[in-house]
Amino acid sequence: MCPAPLAVDGHRIQIPMAYLNVEPRPVWACNDNPVFNEDGAAKLLGISAECLKKWRQRNCGPDYIQYGKAGPIRYELSVLKAFREANTVHVSSQP
């Protein structure tokens, strides 16, 4: 079973047992920075997996982990969230 305390933004919180007893267990209950495959990362960003592949080929897009030269590619949740925030256009309410 996962440890009950979890660090969130540098603060330790207690995970309610109700969440730990949910099946399947929420990913964040055991890992506060899970990794996603290409399809999962694309869904989180609201783009296609093909777009992510093209970004990697062009050396742009979010940072990723690759396990070996031809190994699987994974994206960390924190990196995806930061990438999404960095690419958010903030519209000014003043003309």
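Contact here means heavy atoms within 4.5 Å of each other. Axes are lines fitted to C-alpha atoms, for helices over the stretch in contact, and angles run from 0 to 180 degrees between N-to-C directions. Helices (H or I, at least four residues) and strands (E, at least two) are DSSP runs, numbered from the N terminus.

The structure is a predicted model, in which local features need pLDDT of at least 70 and side-chain atom pairs count only at pLDDT 80 or more, while totals for chains, interfaces and linings use all residues. Residues are numbered from 1 along each chain as its sequence is written, and side-chain values use heavy atoms, with hydrogens and water left out.

The chain contains four helices and five strands. Read from the N terminus, these elements follow the order β-β-α-β-α-α-β-β-α. Of the 95 residues, 22% are buried, where buried means under 20% relative accessible area, exposed means over 50%, and partly exposed lies in between (1.4 Å probe, protein chains only). Among contacts with a separation of 6 or more, 37% join residues 24 or more positions apart.

Strands of a sheet pair through backbone hydrogen bonds, either parallel or antiparallel. In this model, three strands form an open sheet in the order β3-β5-β4, with antiparallel pairing; two strands pair if DSSP finds at least two bridges between them. The edge strands, β3 (35-36) and β4 (65-66), each pair on one side only. Strand β5 (residues 73-76) is joined to β3 by two bridges, and E76 of β5 is the bridge partner of V35.

Helix α4 lies across β3 and β5, at about 65° to β5. The axis of α4 (residues 77-86) also comes within 10 Å of that of helix α2 (residues 38-45), and the two cross at roughly 35°. On the side of α2, the contact is made by A41, L44 and L45, and on the side of α4 by L77, L80, F83 and R84. Six of these residues are nonpolar, none is polar and one is charged; the nonpolar class holds Ala, Val, Leu, Ile, Met, Phe, Trp, Tyr, Cys and Pro, the charged class Asp, Glu, Lys and Arg, and the polar class the others, Gly among them.

Helix α2 also takes part in the one salt bridge of the structure, a term for a side-chain nitrogen of Lys or Arg within 4 Å of a carboxyl oxygen of Asp or Glu. The side chains of R56 and E38 meet there at 2.6 Å, N to O. R56 belongs to helix α3 (residues 49-57) and E38 to α2, 18 residues apart. R56 counts as buried because its relative accessibility is 16%, whereas E38, at 22%, is partly exposed.
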